[in-house]
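Dear colleague,

Please find below a structure that I am passing to you for your own work. A summary of what was found in it comes after the display.

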Amino acid sequence: AGTGKFFVGGNWKCNGTKESVDKLVSELNSAHLESDVDVVVAPPYLYIDKVKNTLSARVEISSQNSWVGKGGAFTGEISVEQLKDIGCKWVILGHSERRHVIGEDDEFIGKKAAYALSENLKVIACIGEKLEEREAGKTTDVCFRQMKAFADSVPSWDDVVVAYEPVWAIGTGKVATPEQAQEVHAALRDWLKNNVSAEVASKTRIIYGGSVNGSNCSELAKQEDIDGFLVGGASLKGPEFAIIVNSVT
Ligand code: PEP
């Protein structure tokens, strides 16, 4: 891990029922979570209020998406204002499922990030290459292009955590090796140094996501430029998520 405070987010995606959410919240409430780690969970919108009212305040709440501007006549969308009203502190933007399943592009995601930050919602900014892009030697081209879209839109990186999530590793059980992840994290930090500032490069947390679990987290956490994790599948199990949170120690 690097010098920034370790950050672990749990992305529950489109999973759960009232019953399973209650169970997960009670597992998290009884788990030991190291105090020097920022812990955030992102429930489906429908359960955010329930989670906010039952989960220990030690864990902050994120949404998994937000509308690109002020709320209004946008059927089916959820606004940043509403997310703040209900107690969210964070939003995940640019997740690979939003990019590649739903079709959100770099520019739209950048605009969402700018709007969320302007309303004081912090951003987990996701980037990452597909398998064919990695195999074609385009990993950094893709990641840098996605970083640039954020950099072109956001006024400041103070409230941004970057999540490097190679698409081939998300939900596949194929975790990046610690060396593969470290290599990209170091390149991203370098990109920030060359394109934003040395200060932003050293302060911005770059977390890894893609099939992180209770068994592979500690080797990844040892890498110099890995400042935490964004966890999908394994965040649905409270005890395993706690192991990941505590992996930095
Ligand atoms: C994610 O959705 O951000 C993710 C990393 O998923 P998983 O941990 O299931 O690969």
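The notes that follow take the sheet, the helices and the ligand in turn.

Please bear in mind that this is a predicted model.

The sheet

Eight strands form a closed barrel in the order S1-S2-S3-S4-S5-S6-S7-S8, and their pairing is parallel. On average, with direction ignored, neighbouring strands of this sheet are turned by 25° against each other. One of the pairings joins strand S4 (residues 90-93) to strand S5 (residues 122-127), in the parallel sense and over four bridges. Within it, Trp-90 is placed opposite Lys-122 of S5.

Helices on the sheet

Helix H2 (residues 45-54) packs on this sheet, where it touches strand S2 (37-42) and strand S3 (60-63). The direction of H2 makes about 170° with that of S3. Helix H8 (residues 178-195) lies across strand S6 (160-164) and strand S7 (206-209), and runs at about 150° to S7.

Helix against helix

Helix H7 takes part in two contacts described here, one with H5 and one with H8.

Helix H5 (residues 106-118) packs against helix H7 (residues 139-153) at an angle of about 40°, and the two axes are 8 Å apart. H5 is therefore oblique to H7. Their crossing is right-handed. On the H5 side the contact is made by Asp-106, Glu-107, Ile-109, Gly-110, Lys-111, Ala-113 and Ala-114, and on the H7 side by Arg-145, Gln-146, Ala-149, Phe-150, Asp-152 and Ser-153. Sorted by class, this contact of H5 with H7 holds five nonpolar, three polar and five charged residues.

For H7 and H8, the axes come within 11 Å and cross at roughly 45°. H7 is therefore oblique to H8. The crossing of H7 with H8 is right-handed. H7 contributes Thr-139, Thr-140, Cys-143, Phe-144, Met-147 and Ala-151 to the contact, while H8 contributes Val-184, Ala-187, Leu-188, Trp-191 and Asn-195. By class, the contact of H7 with H8 has eight nonpolar, three polar and no charged residues.

The ligand

The ligand is surrounded by 13 residues, of which the closest are Ile-170, Gly-171, Gly-209, Gly-232 and Gly-233. By class, the shell around the ligand comprises five nonpolar, seven polar and one charged residues.

With kind regards

Conventions: Residues are numbered from 1 along each chain as its sequence is written. This is a predicted model: local features need pLDDT of at least 70, side-chain atom pairs count only at pLDDT 80 or more; totals for chains, interfaces and linings use all residues. Axes are lines fitted to C-alpha atoms, for helices over the stretch in contact, and angles run from 0 to 180 degrees between N-to-C directions. Angles under 35 degrees count as roughly parallel, over 145 as roughly antiparallel, 65 to 115 as roughly perpendicular and the rest as oblique. A crossing is left-handed if the near helix is turned anticlockwise from the far one by less than a right angle, and right-handed if clockwise. Two residues are in contact if their C-beta atoms, placed from the backbone, lie within 7 Å. Ala, Val, Leu, Ile, Met, Phe, Trp, Tyr, Cys and Pro count as nonpolar, Asp, Glu, Lys and Arg as charged, and the others, Gly among them, as polar. A residue is near a molecule or strand if its C-beta atom, placed from the backbone, lies within 6 Å of it. Two strands pair if DSSP finds at least two bridges between them.
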